[in-house]
Amino acid sequence: MNTQPLFNSFLSEKAVSTTAIHSIIIPNGNHQVVIQTDQLMCMEGCGNYTFLYTNDGKRYLVSKTLKSYAAILDEQMFLRVHKSWIINLKYLQEFCEYERSLKLRGGREIAISRRRIREVCEVLTPIVNCA
């Protein structure tokens with residue numbers, strides 16, 4: 001199994017946008033936490049709240065919608081695969097079009113919605129073919 005992230009081959013083909021944000025500041029108790037966007041593995045939307053999952057295994061709850069994060073994140077690095085999920089392509093480990101599923105580093109499995117499978121395949125097929 002290839003343990004290299006599939007995103008590395010994707011970076012060489014497309015230029016990363018210079019207007020992308022590089023960090024997100026979120027409230028956590030009495031202080032603020034700065035999360036670098038390259039450390040975000042994925043985001044899970046739950047109504048008007050979003051769980052942010054980082055590469056060090058931490059989970060943060062924020063009172064913002066997933067849609068608001070989708071609008072500000074670099075679309076070359078992040079992909080909305082489901083109504084409730086945005087993934088960071090840097091942490092993508094496996095992609096199965098037939099089962100409509102993704103696997104991220106660390107073992108998290110995420111389903112791809114039927115409505116988004118075509119868009120996801122258009123983005124991920126060149127990455128998988130180059131890896």
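Which residue stands opposite Phe-51 in β5? In the predicted model described here, for which local features need pLDDT of at least 70, side-chain atom pairs count only at pLDDT 80 or more, and totals for chains, interfaces and linings use all residues, the residue opposite Phe-51 in β5 is Leu-61. Residues are numbered from 1 along each chain as its sequence is written, and side-chain values use heavy atoms, with hydrogens and water left out.

The protein chain contains three helices and ten strands, where helices (H or I, at least four residues) and strands (E, at least two) are DSSP runs numbered from the N terminus. Read from the N terminus, the order of elements is α-β-β-β-β-β-α-β-β-β-β-β-α. Of the 131 residues of the protein chain, 40% count as buried; buried denotes under 20% relative accessible area, exposed over 50%, and partly exposed the range in between (1.4 Å probe, protein chains only). The protein chain exposes about 8,000 Å², of which carbon and sulfur atoms supply 47%; accessible areas come from the Shrake-Rupley method with a 1.4 Å probe, and for residues only the protein chains shown count as cover. Among the contacts in the protein chain with a separation of 6 or more, 44% are accounted for by residues 24 or more positions apart, contact being defined as heavy atoms within 4.5 Å.

Five strands form an open sheet with antiparallel pairing, in the order β5-β4-β3-β7-β6; two strands pair if DSSP finds at least two bridges between them. Strands β5 (59-62) and β6 (78-82) are the edge strands, each pairing on one side only. From one strand to the next, the twist averages 20 degrees, with axes taken as lines fitted to C-alpha atoms (for helices over the stretch in contact) and angles running from 0 to 180 degrees between N-to-C directions. Strands of a sheet pair through backbone hydrogen bonds, either parallel or antiparallel.

Strand β4 (residues 49-54) pairs with β5 in the antiparallel sense over four bridges. Within this pairing, Leu-52 stands opposite Tyr-60 in β5. Strand β3 (residues 40-46) is joined to β4 by six bridges, and these two strands also run antiparallel; Cys-42 has Tyr-53 in β4 as its bridge partner. The hairpin of β3 and β4 has two residues between the strands, and Gly-47 there takes a positive phi near 65 degrees. In the hairpin of β4 and β5, with four residues between the strands, Gly-57 takes a positive phi near 90 degrees. Strand β4 is mostly covered, five of its six residues being buried.

Thr-50, located in strand β4, is buried, with a relative accessible area of 0%. A polar atom of the Thr-50 side chain lies 2.6 Å from the backbone oxygen of Lys-64, and the side chain of Thr-50 reaches the backbone nitrogen of Leu-66 at 3.3 Å. Both distances can be read against the definition of a polar contact: a pair of N or O atoms within 3.5 Å, where within protein one must be able to donate a hydrogen and the other to accept it, and residues adjacent in sequence count only if both atoms are side-chain atoms. Not counting residues up to four places away in sequence, Thr-50 touches several residues, including Met-43, Glu-44, Tyr-60, Leu-61, Val-62 and Tyr-69.

The structure holds two aromatic pairs. The ring centres of Phe-51 and Tyr-53 are 6.4 Å apart and the planes are at 35 degrees, so this pair is tilted. For Tyr-53 and Trp-85, the ring centres are 6.1 Å apart and the planes at 25 degrees, so the pair is stacked. The latter pair links distant parts of the chain, with Tyr-53 in strand β4 and Trp-85 in strand β7 (residues 85-88), 32 residues apart. Rings of Phe, Tyr and Trp (its six-membered ring) pair if their centres lie within 6.5 Å, with planes under 30 degrees apart counted as stacked, over 60 as edge-to-face and the rest as tilted. Ring pairs link Phe-51, Tyr-53 and Trp-85 into a cluster. Phe-51 and Tyr-53 are both buried, and Trp-85 is buried as well.

Two further residues are partly exposed. Gln-36, in strand β2 (residues 31-36), has a relative accessible area of 32% and is partly exposed. Gln-36 touches His-22 and Ser-23, not counting residues up to four places away in sequence. Arg-100 lies in the loop between β8 (92-96) and β9 (101-104) and has a positive phi of about 50 degrees although it is not a glycine; at 33% relative accessibility, Arg-100 counts as partly exposed.
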